[in-house]
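Open the model in your viewer and keep the sequence panel beside it. This tour goes from stop to stop: select, look, move on.

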Amino acid sequence: MKESGPKSKNPGTKFISGNIEIATDDALLNIVPVHFTYITATTAAGKENATFGTLMNIINGVIPCVMKDGADKASMVRCDSAIGLNEFYSDRSGKEELVSVKRNEGGFVHVATSLDEDENNRNTFECDIVITNVRRIDADEERNIDEKVIVKGAIFDFRNSLLPVELSVVNPNAMNYFEGLEASPKNPVFTRVKGRQISKVIIRKVEEEGAFGTEIREVRNTQKDFVITWALKEPYLWDDESTITATEMTKFMAEREVALADMKARQDEYKASKGNAINPAPAPANGAFNF
């Protein structure tokens, strides 16, 4: 629970901000976070906000959780969220770069009375995506990573803001399918996909022989991924008024550059930096969609 400051649009407004983390499997290993930025007691229309009430019940312990009450007593919840991006500029690498991390944002939270018996149906996502690149990643046995294909493209939020994302494909037939689309910045493919959200820590025990005996150590590998398991049999028409046109795509890309410039300026101001905000990049020419 927080309260908006004196310089905010609505000073003194109490709101909820933070994450709920939902275990989607019976072993409590796949933990999918859902982020809430600004949830108030009433909606913009002045009506009671049911999500605020549910989150308050979680905060106050009325709805029991695993961490406090144990798995046997924890409540079951259903969250209908949206895919968003947590974005900021970081200079950890020595030069300032944009960091974009996929996350579930907002939505409605309901107390559930039962779970789907198939764990694979508890952590699903679905989205329309304009694909501009497909690349294959080799397996990494040391890091316990299988071979996969990365599908790069753009999805859109309810404001029609363009959100660059990368999704994974691990099924061999699906990998061949997406590579066969031959998607590129000059040849985008617009389609709908479904999949599962993976968010877990894999712990492996490694034995290593030494001069004085065997040492056993734990190796932790964090896996966070959006894995595609389904796609439309036939993609949508591209550059068509019934779906999306190249002109509209160019407009969305230009609007994103402006939004990033605004975010950079706010971040610079917050850090009291003397540097100037980045200038918006020029709008790309129709037919070249790089983001």
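Select Glu-182 in the loop between helix 3 (172-180) and strand 9 (189-210). Helices (H or I, at least four residues) and strands (E, at least two) are DSSP runs, numbered from the N terminus. Phi of Glu-182 is near 55 degrees, a positive value in a residue other than glycine. Is Glu-182 buried or exposed? Glu-182 is exposed, at a relative accessible area of 62%. The cut-offs are under 20% relative accessible area for buried, over 50% for exposed, and partly exposed in between (1.4 Å probe, protein chains only).

A word on the model before the next stop. It is predicted: local features need pLDDT of at least 70, side-chain atom pairs count only at pLDDT 80 or more, and totals for chains, interfaces and linings use all residues. Residues are numbered from 1 along each chain as its sequence is written, and side-chain values use heavy atoms, with hydrogens and water left out.

Next, go to Asp-239. Find this residue in the loop between strand 10 (213-231) and helix 4 (246-270). Asp-239 also has a positive phi, near 55 degrees, in a residue other than glycine. Its relative accessibility is 45%, so Asp-239 counts as partly exposed.

Now select helix 1, residues 50-59. Start with Asn-49. A side-chain oxygen of Asn-49 comes to within 3.1 Å of the backbone nitrogen of Thr-51, at the start of the helix.

Which residues of helix 1 are buried? Show Thr-51, Phe-52, Thr-54 and Leu-55: they are buried. Look down the axis of helix 1: the buried residues fall within an arc of 165 degrees, so they line one face of the helix. The arc is that of the directions from the helix axis to the C-beta atoms. Contact here means heavy atoms within 4.5 Å. Just after helix 1, click Gly-61, with a positive phi of about 85 degrees.

Move to Asn-123, in the loop between strand 5 and strand 6 (124-137). At 5% relative accessibility, Asn-123 is buried. Its side chain reaches the backbone oxygen of Gln-197 at 2.6 Å. Leaving aside neighbours within four places in sequence, the contacts of Asn-123 include Thr-24, Asn-30, Val-32 and Ile-198.

Leu-28, Val-66 and Met-67 make a nonpolar patch of about 310 Å². Patches are made of residues with over 30% relative accessible area and no salt bridge: like charges are joined within 9 Å, nonpolar side chains (Val, Leu, Ile, Met, Phe, Trp, Tyr) within 5 Å. A salt bridge is a side-chain nitrogen of Lys or Arg within 4 Å of a carboxyl oxygen of Asp or Glu. Areas come from the Shrake-Rupley method with a 1.4 Å probe; for residues, only the protein chains shown count as cover. Leu-28 sits in the loop between strand 2 (14-23) and strand 3 (31-40). Leu-28 is partly exposed, at 35% relative accessible area.

Finally, zoom out. The chain has four helices and ten strands. Of its 291 residues, 31% count as buried. The C-alpha trace spans about 60 × 55 × 45 Å along its principal axes.

Technical notes. Polar contact = N/O pair within 3.5 Å; in protein donor to acceptor, adjacent residues only side chain to side chain.
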